[in-house]
Structures are given as C-alpha cells and as structure tokens.
Amino acid sequence: TFPDRLFLQAPSTKGLVEKIVAKFDPNRRLPKSVFITRDLPVNSYFNRAMQKHGIEVDALSLIKTYPIIHKFDPFILQKTDWIFFSSKNAIEYFFKLNPNLSEKTKLAVFGNPSEETLRRLGRVPDFNGAKQGIDTTGIAREFAKIVHNKTVLFPRAKDSLRTVQCALTPQTQAIELPVYETVLEKQVVESAADVLIFTSPS
C-alpha cells in the first residue's frame, strides 16, 4: 500500500493525537482536483499520492529557465573550497559548463531533490540541508558555521534571494555565479482545480 505522509507543527501536544487521527479519517472530504505550479514526473511521490486518493493532478510550471553564461573562468575554482547549489536548475546549468572540479572541493545542496540531481551526475554532496529540516534560514545558519573562513561558490539564478549568502560570516568569502534566469510563462490556461499549490520550480 502506498503510504500517506503528514506534517504537523503545534506549540503543545494537547489535542495533537485527535488532529492526526482526523487527518486519516477514511470519511474525510478530499478535493477532486489539484493544480501545482511544477512539472512532475509520473512516478513522483505527489502524483502517486494523489492517484491513490483518486485526485486529478494538473502539473505545469509557470516559468521557463534559460542559461545566461556559456563559459566561465576556471581560475575561480582554484580558490573555491565549497560549492553551494540552491536548486536543481543551478546544478544542471553549472555542470553544462564542464567545470574541472578538484577532489578537495566540497559540494552542498539545499535538499534531497538537488542531491538526487547531483547523484545522477556522479556526485555526492558533503552537505544536505534536508537534515536541518525545512526551514531555509536554519539551513543557512548551519551551513555558515561549517564554511566559516572558507571560500564558497554560489551557482544560482539571476535575482535569487541569496538566503545562504546573507547568513555567512564576514570571514567567509562568497563568489556569486549567476548561471541562469527565470522567465514567466506568458500563455497560461486558467485552472478550475479545487486546490492550487504554488511551488518554486526554479
């Protein structure tokens, strides 16, 4: 049987058991359709979970991504101790530049989807923020401790939030490397789904 997942936060355990039980009530009301702003593979957890409950899924990214550089100075890598990737797109566009990485250079990612992308490229991250939970600020603080007084390269999207960079100590050097940009999809069909889920696919 395909498992259901549930995430709850509460200031106390009072009434928590009842809330959890209610979420798994077989008679609970479920939506008939969901629209999510992300292209999803058929075998993704989300698709499989919705299919289990007979919920129709309309998955469509509302942005497109494009590379903004096609080569970069390899001298940058000679000074780099760590490379931090905040998204799957950052990984894919960076490695399309065919970087020659030293064995001493460590890799870091925000979460499991980025780690999966790295592994498909034959790389294993030395830091995965997923172990710190889902709070991006907490991930940034923890990573900042690890790379104190080091040099970190940040392949990223143009105009990204730079959450991790802002958390670094003054003794840590950040090298910014925008490798792609996101553009809004102009032709979007209005959705009549019961639930709309907005994600950040870039």
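Ile20 is partly exposed, because its relative accessible area is 35%, and partly exposed covers values between buried (under 20%) and exposed (over 50%), with a 1.4 Å probe and protein chains only. In this predicted model, local features need pLDDT of at least 70 and side-chain atom pairs count only at pLDDT 80 or more, while totals for chains, interfaces and linings use all residues. Residues are numbered from 1 along each chain as its sequence is written, and side-chain values use heavy atoms, with hydrogens and water left out.

Ile20 lies in helix α1, residues 16-23, where helices (H or I, at least four residues) and strands (E, at least two) are DSSP runs numbered from the N terminus.

## Strand β1 and its partners

Strand β1 (residues 33-36) is covered on both faces, with Ser33 and Phe35 buried on one side and Val34 and Ile36 buried on the other. Strands β1 and β2 (residues 56-59) run parallel and are joined by four bridges, where pairing requires that DSSP finds at least two bridges between two strands. Between β1 and β2 the chain passes through helix α2 (residues 45-52), in a right-handed β-α-β crossover; right-handed means that, with the strands pointing away from the viewer, the path from the first strand over the helix to the second runs clockwise.

Strand β1 is also joined to strand β9 (residues 195-197), by three bridges, and these two strands run parallel. Within β9, Leu196 is the bridge partner of Phe35.

## The whole chain

The chain contains seven helices and nine strands, and 33% of its 202 residues count as buried.
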